[in-house]
Amino acid sequence: MARPRHPLLSRERIVEAALALMDSEGLQALSTRRLAAELGVSGPSLYNHFATKEEILDAAADSVVAQVDLSMFGSCDWRVALRRWGRSYRAALAAHPNIVPFLAQGPGRRPASLRLANAVFGGLRDAGWPVPHATRIGAMMRYFIAGSALGSFARGFVDDADLYRERYPALAQAHLLPRYQQEVDELAFEVGLEALISGLSLRYEAVVGPLPPLPDEPTVQIPTQECHPGSG
């Protein structure tokens, strides 16, 4: 029997191709016609696996969320759990930023997304947070993490020293920021994450009670170089 020209379709192969298409061209590029062309099949072939384009989008989004580590909830202090989960969640989203606006709409019926919400809320509740607080904290963390993964602050500046020097003197070296994109963006996330956890710790002690000291945690190592965009 002759081998098929293209590998047989599967849900996994469709999801992988859909995610690759959105990664390269954006969320709006996904259509069943375009996806079928990328896979080298006819459009109706996709419907043997997914009833609608929305189902494909749901599956692609959930495949991203499924990469997030949730093992720390229930095994670590809630502060450590939020820190480790936040880093894992941001890494998964930052690898596929074009799908973040869809994920930001909420979990819907997606299994991995619901498992994530269940783990975070359950972990906070089990740590003693009252239910309303656990709900708000989960939402706040999602806003922060999704926003940090949506785009690059550092890459938003153009390489035009004269523009900033002449018109915006406080940004005299902002044209250098794209060169330090990883350092600026990742350390900004770490600063925000630590600030949120510190603030939540104070809130916990006011609402619930004293917190034990935390064991030392290894810090995230990000190569740094001198870059002071506000200096002259």
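How many residues does helix 4 have, and what distance does helix 4 reach from its first C-alpha to its last? In this predicted model, helix 4 covers residues 53–65, which makes 13 residues. From first C-alpha to last, helix 4 reaches 19 Å, close to the 18 Å expected at 1.5 Å a residue.

Now look at which parts of this helix are hidden. The buried residues of helix 4 are I56, L57, A59, A60, A61, D62, V64 and V65. Their cover includes helix 1 (11–25), helix 2 (32–39), helix 5 (78–94), helix 6 (100–103) and helix 7 (111–126).

Rolling a probe the size of a water molecule over the atoms shows where empty space is left.

The largest pocket is lined by 17 residues, and P107, L116, A117, G138 and R142 are the closest to its centre. At least two residues of this lining come from each of helix 5, helix 7 and helix 8 (131–150).

Which residues line the second largest pocket? They are R90, A94, P97, S148, A149, G151, S152, R155, Q181, Q182, D185 and E186. Helix 5, helix 8 and helix 10 (181–207) are the elements that give two or more residues to this lining. Helix 10 gives the most, with four residues.

Methods: Residues numbered from 1 in each chain as written. Predicted model: local features only at pLDDT ≥ 70, side-chain atom pairs only at ≥ 80, totals over all residues. Heavy atoms only, no water. Expected span 1.5 Å × (residues − 1). Buried < 20%, exposed > 50% of the residue type's maximum accessible area, 1.4 Å probe, protein only. Contact = heavy atoms within 4.5 Å. 1 Å grid on protein atoms, 1.4 Å probe; cavity = no way out; pocket = protein on both sides within 12 Å on 5 of 7 lines; lining within 4 Å.
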